[in-house]
Structures are given as C-alpha cells and as structure tokens.
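Have a look at the sequence and the fold before reading on.

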Amino acid sequence: MKNNLTTMNMNKFTTLSVALLASAFTLQAQDINQAKKAIDAEQFESAKTILKSIIKAKPSNGAAFFTLGNVYLNQNVQDSAKIYFQNGLSASDGAKLNHIGLGQMDLDKNDVAGAQAKFALATGDMRRKDFEEFIYIGRAYMNAVKPDYKNAIAVLSRAAINNAQDAQLQLALGDAYYGDGKQNEAYVAYRSAFQADNTLLRAKMQLGVLLKGAKSYDEALKAYNEVIALNPNYGPVYRELAETYYKIARNKPSQAALNYKTAIGYYDKYMSLTDYSIHSRMRRADFLILVEDYVALEAEANKMIELDKVNPRIYRYLGYAAYKNGNVDVAIKSLDSFITSPGNKAIALDYLYLGLTKIKKGTSADGLSIDPIAFQAGLVDIKKAIEMEPLAVQELSEVGKKLFAEKLYTEAAAIFEYGANTNDSSNFLDDNVYFGLANYYANINKEKGVKVDVVGLEKALAAFDKVLVASPTYLEAYLYKARTNRLLEKDDVMVKNYEDYVAKTTELGAEELAKPAVKTKIIESYNNMAASFANTDKPKAIEYFKKTLALDPANSYAAESIKILK
C-alpha cells in the first residue's frame, strides 16, 4: 500500500512539474514577445529590462541574448552588443541567432566576407520550414552602417517562397524595398503585412511613411491618424508626425515657425510614450537640431549631462546649442571636449561650428572688427570641415553676408572663397557674386600709398567670370570686372568690360536705359573709357565724353575734360 501511495505521489509530482515547466516556458515566450513589442513601440529601456530578466532567469535562452544585443546595436553601444552576442553563442537554445548579430557588426566594419561566414553558421542547420533567420539576416543588411538593401531583398525573397503570408517577413520586405527606392513594391509588402496581422501597427504606419517620402504630406497625416485611431498610445506614429511636420515646415517657409512648433509637440508626445533615457534624449536632441530650436537643445543637453556626465556626444549638442545661442566660451569648450575625446568620430559640422565660434569670440562687441589671430584660428577649423564635407560651405553663406554687411570685406572674402570654389553648392552663384564684390571693395578703400591686393583682385575677376557662365544676364558682373581691371590698371581690358556692359544693356531696350541707376552706370562706363583714351587717342576720348554729355549735359567732368583735350 505504501509503495502504491509513493507511486501515486510521484506521478502527481511529475504531472505538477511538467505543468510548471510548461507554464514557465509559456511565461518565457510571453516575456520575449513582450520585449519585442516594447522594441516595436521604441520603448528600448523597457525592452532591455525585460530581456535582462529573461537572461537572468534562463541563461540558456539564446534568442534573448540576440534580441538584447540588437537593442544595444540600435542604440550604437557596440561594446555591450558584442558581449551579449558572444555570450549568447554559449546558450543551449537559439544560440545560432547570435552569429547574425556578430555578422551585422562585421558589416559595420565593411567586412562582408566575415559577415557572410557568420550568416552561414546561423543558417547551416535550418529546417525547410524555418525562415526567421532570413528575416534577421535581411534586417542585418538593412541596419548596417552602410545599408545593403539589394542583398536584404534577395535574402527575404528567398524566405518568402514558402512563407509569403508571414506578417514580419512582409514588413521586413517592405522596409527593404523602401530603402531600395522601390515604392510600389514597398506599398504592396506593407499592405500585405497589415492584412496578415492587423495588430502590426508599424506596417500600417509605414504606408504613411511612403506618402511622406512622396511629399504627399496631407495624405501621410491621414494615414498616421488612422494608426492613432487604432491605438492612440503607439509612440512611433507621433515621431513620424513630428518628422512630417518638419518636412512641411521646410516646404512652406512662411508657416515654418508654426509647423516646427507642432513638430516639437508631437516629438514630446513620442517621448512621453517611449522613455526619457539618455538615448531617447539624444534622439530628441537630433530632432531639435533639425527644427533649429537651439534654446531647447541647450536645455536638453544640460539635462543629459546630469544623467550622464561622461558621455562625450552630449558635448556636441551643447556645443551646437551654445554656438547658436551666442555662448561662445561654452561652445568652444564643449566642441573641443567632444572632438578631442578618444573614440569620438568628429564630423564636418563639429569643426565648422568650432571655427565659427572662434571667429565669433574674436569679434568686437560692435561687430565692426575681428581679431586677426582669432579669425585665422577659426579658418583652420573651417578648412578641416570642408575637407571632410565639401557641401559644408552652404552653412557659410549667411556668415559671409553678415561680415559683408559690416564692411569686413577681407574677412567676408575669406569666408565666401570656400563656397565660390564648390560647384555643387546650392549657393555657388551667390557666393561667387559676394566673393568678387568682397575682394573688390576690400581694395577700393586702401590708404594712400598702399598697393592693391593683386591676387585678391584676380580672384574677383575669376569669380565674376563664373557668375557670367552661371547667369549670363547678370550684367553687373561686366561692370565690376571693368572696375576691378581699373584698380589693376589694365585699361585695355577695362574698356572691353565697359563696352560689353553698355552693349548688353542697350540690347535690353530703351526702357532699361531710361532707369536712373542704369543711366548712371552707362555714364560711368563712357567717362572711364574716355579717360583711358585721353593720352593715346584724343578723338576717341572726346567721342566718349560727348556720349556722356548726351545723357547728362550737366556732367562737369566730361565737359571740362573735352576742353582740356581740345
């Protein structure tokens, strides 16, 4: 009897143990799915907490290590990502997924062969019905520093042969097609993903993203509002709303302030539904730079310093904001700290703002003079910026115009020269006009006995030539070429420039010639041409002076000159 009771108790214990194990397994599955939902909702800190608890409770769960490593990769924390991927390889369940994470890190280092070898390890013993590994490999190609959308499409298409109805696979295909510029295919994939799983809000949201990319902003907003109607607490849709209003602001400058304000409001809503971690604050800081809210950026940067005093990236944000807000000492200290911090990858904008801040620091309170040493120090950093990214010159145009307005012509010329020599710059024409003018005006006010800057004037002539190629109707360029050649005492070339100005202006008709400002320039042309002929061809000189008097009978210079020549 005793043995029978013991047997019965053992059976009950076994049954209970199996039930508990099944329950624990279900809980683990729910937890990792919960983590994935948090990741989709961009609640990364919450996801990390869930995944760490899974790993602590069950170190054999390789999928948890892989998922956590991917979160860290998303946050650009490579060291932590690598640790979790490598530890995940020792797990007894799902270890091979971690080869995919390490493979993406190889792609980030441009080691394609190494990545493909690791992807092969992850897929080596796949069963015919398996396809999840292909989704992760496709995403690895997409999420790499240099995304490879074509390889992603190839891998995902292979998985779709037998699994076309899987929502996550269709979502990944949509992202790959979108990244590869195939809008129609992306639309079909996103639609299929949402049809397969109508709780997959990201797929529906991406239909709005496609519309945003096509600049159909009103339709994109409608699509996002449909997502909100399904779940008003889905955070990512508010980020997309913020970015769409940013795009609207850029396309409607007259309403930019209102749309930027709306954009920031939606971004703050996004933050409230995700988290306020240092990484989320950095994403918000990036957005504040886009919408040019540097007051808010400086406040955000100071909050981040309180959270993480050693994160060097914060000093970039603080440096940018302080520069824009006129806090030059804070800007210089912050940007220097960021650039010189080991392991940081400085970008062109870092050096550009550092250089401009040094110039700003060397500028007098009234803005009418700049310390030459500070100006040259600033130019050194600006040059570094342009060597890294030639189109950084587009940030310099407004700076040069301010210097020009303050009659700091030599300094303005130094700033405009970069843009004047960058053909792809959107400011190429304007920068050449100002570069030529700045060099010209820097030389007309030379003190008596001081020689003109021949090199600067030659650069002015080259700039005006570029202007005439880019905009042949900008006739002022002929006039300034003539004036510049006059300073260089090249009378023959000066005469030719004035002749070109008069001839091309005359072609515009009597109405143009009747304008008082144009009439004044024509008189200037005749008088200077006449003066150049005064010692070599008196009849020619008299002819031009008479043309002046025909336009302006009271012109004393022409009248007196004719008397002397006769």
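A pocket here is an open set of grid points where a 1.4 Å probe fits, with protein on both sides within 12 Å along at least five of seven lines. Keep in mind that this is a predicted model.

With that in hand, the second largest pocket holds about 960 Å³ of space. Its lining counts 29 residues, and Tyr323, Lys324, Glu395, Glu398 and Val399 sit closest to the centre. Which helix gives the largest share of that lining? That's H21, with six residues. H21 (397–405) is one of the helices that each supply at least two lining residues; the others are H13 (236–251), H15 (278–290), H17 (313–324) and H19 (348–361).

| Class | Lining residues |
|---|---|
| Nonpolar | 13 residues |
| Polar | six residues |

Now for the packing. The largest nonpolar core has 168 residues, and Ile100, Leu297 and Ile382 touch the most other members. Take Ile382: beyond its neighbours within four places in sequence, it contacts Tyr351, Leu352, Gly355, Leu356, Ile359, Leu396, Ile415 and Tyr418.

Last stop, helix H8 (residues 149–163). Its 15 residues should span 21 Å at 1.5 Å a residue, and the end C-alpha atoms are 20 Å apart, so the two agree. Buried along H8 are Ala152, Ile153, Val155, Leu156, Ala159, Ala160 and Asn163. What do the buried residues of H8 pack against? Their partners are helix H7 (132–143) and helix H9 (167–179).

How values were computed:
Residues numbered from 1 in each chain as written. Predicted model: local features only at pLDDT ≥ 70, side-chain atom pairs only at ≥ 80, totals over all residues. Heavy atoms only, no water. Core = buried A, V, L, I, M, F, W, Y, C linked by side-chain atoms within 4.5 Å. Buried < 20%, exposed > 50% of the residue type's maximum accessible area, 1.4 Å probe, protein only. Contact = heavy atoms within 4.5 Å. Helix = DSSP H or I, 4+ residues; strand = E, 2+ residues; numbered from the N terminus. Expected span 1.5 Å × (residues − 1). 1 Å grid on protein atoms, 1.4 Å probe; cavity = no way out; pocket = protein on both sides within 12 Å on 5 of 7 lines; lining within 4 Å. Points joined across faces, edges and corners; volume = space filled by probe spheres on them. Nonpolar A, V, L, I, M, F, W, Y, C, P; charged D, E, K, R; others polar.
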